[in-house]
Structures are given as C-alpha cells and as structure tokens.
Amino acid sequence: MEHLCIVSGGQTGVDRAALDVAIDKGLPYSGWCPKGGWAEDFSASPGLLAKYGDLRQTVTAVPEQRTAWNVRDSHATLIVLDGPSLEMSKGTLFTRNCAELVFLRPCHVTNLKSDNALNLAAHWLANLLEAFRVDRFSLNIAGPRESESPGIYKSAFLFFDQLLTEPHVLAYTEKLYSPESVFRLR
C-alpha cells in the first residue's frame with residue numbers, strides 16, 4: 001500500500017483519523033493545513049505541524065484554502081460522514097464542491113452508518129487505482145470535524161483501518177505494483 005498517499009488537512013475528526021491510520025500503517029501522508037498549523041485543538045503555532053511533520057502550511061490561515069489545495073493536489077477525494085447529510089458540515093460540503101465543480105476530481109461520499117459503506121468505498125478506491133495507474137496515488141480524505149460530529153474520529157479511524165486492509169484494495173495494489181507490472185507504469 002506504499003503506493004497510496006493519504007492527503008488530509010489534519011482537522012479534528014475525519015481528517016485526523018485518516019492521518020493517524022496512515023501513520024499507524026506506515027503509509028505516506030501529506031496535505032495542506034492553515035498557516036500556523038491551526039486546527040480546533042491546535043490553535044497556536046506550530047499547531048498540527050509539531051505532530052504531523054509532513055503537512056505543509058498554506059499562505060493564509062483561512063481553512064477553505066487548505067481544503068481547496070488538498071483537493072487540487074489529490075487524484076480523488078473520499079468524504080466520510082456518520083449520517084446521510086452533507087449539510088451538517090460547511091467544510092465538508094465545500095470539499096465536495098471543490099472536487100466535483102472546481103477541480104473535477106472523482107469524489108465518493110460514504111455514510112459510516114450504511115451497511116455497505118466499507119465495500120462500496122473499497123471498490124471505488126480499487127477502481128480508481130486501476131484507472132489512474134500512477135506510481136503514487138494521492139487520496140484526499142475529508143469529513144466533519146469532531147465538534148460537528150462527536151465521536152466521528154473513532155468511527156472514521158476504524159473505517160480507514162479496515163479500508164486500508166480491505167482485500168479488494170490490497171489485492172489490486174499488489175497486482176498493479178507487482179514487479180511484472182511495474183514496467184507498464186513508467
């Protein structure tokens with residue numbers, strides 16, 4: 001799975017869960033955070049940057065710039081919710097609009113309360129990996145912050161931990177990046 005790079009802005013909740021799972025699994029991660037490393041729980045500089053050294057600061061402290069740049073610099077965006085509505089989070093809705101309307105990136109929205117959320121997300125990701133066939137696929141992960149959706153960090157962490165060990169995704173990345181197939185990528 002080292003060919004998958006997790007992109008996140010590091011806000012509490014879904015973003016932070018994505019970064020922590022990436023670190024736990026030894027996956028590369030990157031992303032933009034607001035100037036000063038601002039997040040709900042890191043209000044003073046260096047903020048997130050003290051814990052997540054592979055994040056980069058945007059030129060302003062405006063969170064929307066971080067969101068837009070993370071979408072722009074990724075191949076696709078996975079949005080994770082714990083309910084059916086994007087309206088619960090202005091930032092999450094902004095992320096989807098950036099992906100679908102501004103940067104024209106593939107975007108999948110999954111509801112953690114759906115019985116088939118893991119299977120649908122795994123198939124979506126495996127299909128993207130096959131379609132893009134790049135040395136390193138950058139997946140932006142977004143969703144509500146913890147204050148907007150209490151408990152989302154824990155649910156999202158478990159979901160990402162399962163997604164990144166899902167047989168569909170693992171089998172595909174092993175096939176795609178096997179020594180026999182690597183020559184096709186260059």
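Here is a short exchange about a predicted model and the terms used to describe it.

Reader: What makes up the model, and what rules apply to its values?
Author: The model is predicted, so local features need pLDDT of at least 70 and side-chain atom pairs count only at pLDDT 80 or more, while totals for chains, interfaces and linings use all residues. Residues are numbered from 1 along each chain as its sequence is written, and side-chain values use heavy atoms, with hydrogens and water left out. The protein comes to seven helices and six strands. Helices (H or I, at least four residues) and strands (E, at least two) are DSSP runs, numbered from the N terminus.

Reader: Why is asparagine 70 called buried?
Author: Buried means under 20% relative accessible area, exposed over 50%, partly exposed in between (1.4 Å probe, protein chains only). Asparagine 70 has 3% relative accessibility, so it counts as buried. Its place is in helix α2.

Reader: What does asparagine 70 touch?
Author: Contact means heavy atoms within 4.5 Å. Leaving aside residues up to four places away in sequence, asparagine 70 touches Val7, Ser8, Gly9, Gly31, Trp32 and Asn140.

Reader: Which residues of α2 are buried, and what covers them?
Author: Gln65, Arg66, Thr67, Ala68, Asn70 and Val71 are buried. Their cover includes β1 (4–7), β2 (29–33), β4 (76–81), α3 and β6.

Reader: How do α2 and α3 pack?
Author: Helix α2 (residues 63–72) and helix α3 (residues 90–102) pack at about 40°, with axes 9 Å apart. Axes are lines fitted to C-alpha atoms, for helices over the stretch in contact, and angles run from 0 to 180 degrees between N-to-C directions.

Reader: What makes the crossing right-handed or left-handed?
Author: A crossing is right-handed if the near helix is turned clockwise from the far one by less than a right angle, and left-handed if anticlockwise. α2 passes α3 in a right-handed crossing.

Reader: Which residues meet there?
Author: Glu64, Thr67, Ala68 and Val71 in α2 meet Gly91, Phe94, Thr95, Cys98 and Ala99 in α3. They divide into five nonpolar, three polar and one charged. Ala, Val, Leu, Ile, Met, Phe, Trp, Tyr, Cys and Pro count as nonpolar, Asp, Glu, Lys and Arg as charged, and the others, Gly among them, as polar.

Reader: How much of the protein is buried?
Author: Of its 186 residues, 50% count as buried.

Reader: What share of contacts joins residues at least 24 apart?
Author: Among contacts between residues at least 6 apart in sequence, the share is 72%.
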